[in-house]
Amino acid sequence: MWVFLKLAARNLLRNKRRSAITFVAIGLGLALVLIFYGFIQGVDKQFTDDFIKAQTGHIQIHAQGYREKARLMPLDIAIQDFETVTRRLKELPGVRSVAPRIRFPVVVSTGSESIGVLGLGIDPQAERDGIVATKITQGKYLSGERGYALIGTKLADDLGLKLGDLLTLMATTARGALNAIDVEIGGIFTTGYSQYDDSILILSLADAQRLLRMSGQVTEIILMLDSTDQTERVARQIQQGFSEDGLEVQTWQELGAAIFSLLEARRQLMAILSMVVILIAALGIVNTMLMSVFERIREIGTLMALGMTPGEIRGLFLLESAILGAAGGLMGVGIGGALLKYFSVVGLTITQASQFVNLPIGTTFYAEFSWGMLAMFFVFAEGVAVLAALYPAYIASKQEPVQALRHA
Amino acid sequence: MSEVVVRVENVTKEYAMGHTVVKALRGVSLEIQRGEFLCIAGPSGSGKTTLLNLIGCLDKPTSGRVVLEGRDTSKLSAKELAWVRRQRLGFVFQTFNLVPVLTAYENVELPLLLLGVGTVERRRRVHELLEALGIRDFAHHRPDEMSGGQQQRVSIARALVTKPALVLADEPTANLDSETGKAIIELMHDLNKKRDTTFVFSTHDPKVMERASRVVQIRDGLISSSETAM
Ligand SMILES: Nc1ncnc2c1ncn2[C@@H]1O[C@H](COP(=O)(O)OP(=O)(O)O)[C@@H](O)[C@H]1O
Ligand SMILES: [Mg+2]
């Protein structure tokens, strides 16, 4: 009923300063929590996407027993007839790309210097949108032609190498014999990830298989999916459909469990901090509303004499708090939403890369922004405001008319 | 032909004050007829307010019954009592008790809004009463912009606007100077005559009692005399 809304609104205006302080407390508290949330969401999503793209892919497949010895990069625990496996994987719904690889230790010799790095044999076609292919700064990506290698800027600098230089690669084959091939530096990449730029050498799968005498074999297959949400489903399908092939299937969550549990812990810490901020704002509302009830005891008695029921008295004070909550909510969502929108487009650039997550230097973080999120936080503020007013409103409605009217 | 609006039957009221019990009413019986301009008179602390509160369904007796228009009010819940007050009663207070955030017009309109009276009818009734009480010019003033006498006129308008069966006024002149108080009593008397509204008011001022159609004297929680004016 309009009259209740009118009474509630006018009563809020009666003590402007107190209402304003509560309103600002709700607004700023909500803005703060909203910004926390938007940034955590954005950064986590960005980090997850990044992690998947640069480190693990959505799903990794190895021959049975490989993961256990992964550190040693065993070439004898390989996926056989990888072309058939790859073809079958490509047919699964939701799979965007299937990238067979061989991962192996290799010694790079420039003639004057030798250094051990990580070798990666890739299918150039399958990884043409990958982290390396898109970050070639000199020369060109692998074309499928034999005898070319890609290296990172840092490695090139360390070894004093430039485009077109010749290298000798030496490695132990799957059978344990030594073998060597010569390659030319066809391209140099700068990904920003130190583990790529410092110490990786990339070859075509064909060259790697030639060097390691592993024709028809790979050590891992990396799947990228259309959407991260489908990871579990596709992983299950592979486990079922390839159960006889002796393969191990791992998702990015499993591969990054240590890091993701850290992210989760941070999310929970933020949730607790948010709760504290909200609790403080809620206590502010409780206090404001209690003061409002206690200084209007006689007025409550009058309204009761006029025939307002206890329920209507309660509603009056709940409505008052709801208006405060809505006003504060609008302010909070306005300020928080505007900042989030800004940071979701422009981003926040941090030049000092964090050590533990191993992100590229000069990373820009983008906040997550969505209207649904703003709506959710507004409703949340409103809910907190009404909940906080329950007790004061109850006190108001429990007044005995006679005692209330006698109140000085 | 007389019609009983309220029958107070052997009512007592006790208040607990810490460990002692205050007996505010010790067995009061009273009938109020429609159209009366009844004065409850007595010194301070004699029980006037207590009696008016019981008649006004703001409180319940410790023993005895208050029957309002044939209904025993002692059996009603807080919510039902609120509805009885809303529909059948009007109140005028010693301290006026207007809602401070509402204008004179809005204060008078409030009981009609609670009853769900339609816009047109509401406007008609509020204007008519503001006019009748001579406060039309203050319609858009808030209580703190009006004198005591003006505020009391607004509160009388507010009490009458729902056409209640009974208007209760607890010492309506006590916070006004004698001139204004007299004017207020005259006004109420006038409304009682012209509109046939039943009034019960309390006072300890002999000059105010003079206007009553009947004066019920109360002393130490008991009725000591009841005199009908000639
Ligand atoms: N709520 C209450 N609690 C305790 N004592 C009360 C209360 N209301 C009234 N009394 C006592 O009851 C007696 C009658 O009071 P009241 O009805 O207010 O008298 P009056 O209105 O004639 O001055 C007084 O002694 C008063 O102190
Ligand atoms: Mg009194």
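This is a predicted model: local features need pLDDT of at least 70, side-chain atom pairs count only at pLDDT 80 or more; totals for chains, interfaces and linings use all residues.
Modeller: Residues are numbered from 1 along each chain as its sequence is written, chains are lettered from A in the order in which they are written, and side-chain values use heavy atoms, with hydrogens and water left out.

Biologist: What makes residues of chain A and chain B count as in contact?

Modeller: Contact means heavy atoms within 4.5 Å. By that rule, 23 residues of chain A touch 25 residues of chain B.

Biologist: How do you know how much area chain A and chain B bury?

Modeller: Buried area is the accessible area (1.4 Å probe) that two parts lose on being put together, summed over both. Here that comes to about 2,200 Å², 66% of it on carbon and sulfur atoms. A:R10, A:L306 and A:V402 supply 28% of the area that chain A buries against chain B, more than any other three residues.

Biologist: Why is the meeting of A:R10 and B:E106 called a salt bridge?

Modeller: The term asks for a side-chain nitrogen of Lys or Arg within 4 Å of a carboxyl oxygen of Asp or Glu. The N to O distance for A:R10 and B:E106 is 2.6 Å, so the pair qualifies. Across the interface of chain A and chain B, the rule finds three salt bridges.

Biologist: Which helices of chain A each supply at least two residues to the side that touches chain B?

Modeller: They are α1 (2–14), α10 (297–305), α11 (310–345) and α13 (401–406), where helices are DSSP runs (H or I, at least four residues) numbered from the N terminus. The largest share, seven residues, comes from α1(A).
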